[in-house]
Amino acid sequence: MQVTETLNEGLKRGYQITITAGELDAKVNEKLTEAQPGIEMKGFRKGKVPMALLRKQFGSRLLGEAMQEAVDGAMSSHLEETGDRPALQPELKMEGEDWKEGDDIVVSMSYEKLPEIEQPDLKGVSLEKLVVTADDEAVEEALNGLAEQAKSFKARRKGSKAKDGDQVVMDFVGRIDGEPFEGGAAEDFPLELGSGQFIPGFEEQLVGVKVDEEKIVTVSFPAEYQAAHLAGKEAEFTCTIKEIKAPAPAELDDELAKQFGSESLDALKGQVKERLEAEYAGAARAVMKRALLDKLDDLVSFDLPPTLVEAEAKQIAHQLWHEEHPEVEGHDHAPAEPTEEHHKLAARRVKLGLLLAELGQKNEIQVTDAEMTQAVLSQARQYPGKEREFFEFIQQNQQVQQQLRAPLFEDKVVDYIFELADVTEVASDKDKLKEAVEALDEE
């Protein structure tokens, strides 16, 4: 086997690999010799079939296997000797259109190698960590939110008109072109006006109704409505009003606390305070992480694999296109062309991704099985009743496993850097923290 370099430009590498006909023939004979003891053929005892006959019978198929193994082996040996780590799977192409058995095999191999990355002085990185304490006002606001969730509705006095925020209990029948349609009717249905539970325009028309009134509500289903047979069509609903109830927020007392699993209101306040401060800490970590990435971006410099940057730029353009066209769910649209800004952002992401991966590898940072299990459990909660199917899907899908593992790995590397960096705690308040978080979305 002979390997000849054909390209050495930046991170791009190209090689011509020549595997002689003799090397291939020896590999085929090795495979036949290994298989011979177990082969039976009419007229011969098991293991006694002549090699020439075996070669005639199985030679062509084994030649293909030998070629693949020889090329894969040559590529692996080359990467091991050079220490190159390809950014993507190397591209292999067999040269010579008129190849026939007995000829040498000539294969061209090309790839972009990952750059050499020096670990920066992480102890010299200075960061500020915003520290926010949940004050009484914030706790009270959160408790009022819980009371709103636990609110009940009490009947208004007879003759009252429904207001926005009231609950209307009604029977209704929906018709399209005068004909009732499936799923368009219900009895004793409680609807909170202003909740957005029904299609746009429905709830607004019930403001002002009274008990025992029959109200005709006319609305059009959205063009992108999930039930295709209703999408874009005008419907008429006959609504018979049976009750009108006003919202009655729950009292901030021990009874409310028990609804949320606490023994008393004081205990609930303590839990709310802990939850708020955990949220503040998470937001502060996100702000500090962005500051860290900005500093690392300025601190290090190395060549980037062009193919990785281009692929990332296309992914960014594709994602942003879908954010601008939320009505399009499929991916069979024309490709979104990356802009200069997309390429700039892609270069930053690739650079920081490679740096964090290198830091993680050199410092033996790994995602444990327990951490992966916890991540899968967290995702599975989004599919109540189908947790088992989700687990099986994850087990069978390496790509999804990697999608779950990647952010866990990144966060562990970031935490490792935080431990080494010079971090100064700065007392702040929730408003300033909110501004800092909003600034992240603007960048």
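In which helix do Arg275 and Glu279 both lie, and how many residues apart are they? Both belong to helix α5 (residues 265-299), where they stand 4 residues apart, about one turn of the helix. The structure is a predicted model, in which local features need pLDDT of at least 70, side-chain atom pairs count only at pLDDT 80 or more, and totals for chains, interfaces and linings use all residues. Residues are numbered from 1 along each chain as its sequence is written, and side-chain values use heavy atoms, with hydrogens and water left out.

**Salt bridges**

Helices and strands here are DSSP runs (H or I of at least four residues for helices, E of at least two for strands), numbered from the N terminus. A salt bridge is a side-chain nitrogen of Lys or Arg within 4 Å of a carboxyl oxygen of Asp or Glu, and by this rule the count comes to 24 salt bridges. Three of these pairs are set out below.

| Pair | N to O distance |
|---|---|
| Arg275 and Glu279 | 3.0 Å |
| Arg348 and Asp294 | 2.8 Å |
| Glu358 and Arg85 | 3.1 Å |

For burial, the terms are buried (under 20% relative accessible area), exposed (over 50%) and partly exposed (in between), with a 1.4 Å probe and protein chains only. As a general point, an α-helix has 3.6 residues a turn, so residues three or four places apart point the same way.

The side chains of Arg348 and Asp294 also meet in a salt bridge. Arg348 lies in helix α7 and Asp294 in helix α5, so this pair ties together parts that are 54 residues apart in sequence. Arg348 is partly exposed at 22% relative accessibility, and Asp294 is partly exposed at 27%.

Glu358 and Arg85 form a further salt bridge. Glu358 lies in helix α7 (residues 340-362) and Arg85 in the loop between α2 (51-82) and β3 (91-94), so the pair ties together parts that are 273 residues apart in sequence. Glu358 is buried, with a relative accessible area of 11%, whereas Arg85 counts as partly exposed at 31%.

Beyond these pairs, a network of salt bridges links Arg285, Lys289, Glu410, Asp411 and Asp415.

**The negative patch**

Asp135, Asp136, Glu137, Glu140, Asp429, Asp431, Glu435, Glu438 and Asp441 form a negative surface patch. Patches are made of residues with over 30% relative accessible area and no salt bridge, like charges being joined within 9 Å and nonpolar side chains within 5 Å. Helices α3 (136-149) and α11 (430-442) each supply at least two residues of the patch, and α11 gives the most, with 4 residues. Asp441 is found in helix α11 and counts as exposed at 68% relative accessibility.

Helix α3 also has buried residues, namely Ala138, Val139, Ala142, Leu143, Leu146 and Ala147. At 1.5 Å a residue, the 14 residues of α3 should span 20 Å, which agrees with its end C-alpha atoms being 20 Å apart; the expected span is 1.5 Å times one less than the number of residues.

**A buried leucine**

Leu404 is found in helix α10 (residues 398-420) and is buried, with a relative accessible area of 13%. Leu404 and Leu88 are 316 residues apart in sequence and 20 Å apart in space, C-alpha to C-alpha.

Key
Areas by Shrake-Rupley, 256 points an atom, 1.4 Å probe, with all protein chains shown as cover. Lys, Arg positive; Asp, Glu negative; His and termini not counted. Charge placed at Lys NZ, Arg CZ, Asp CG, Glu CD.
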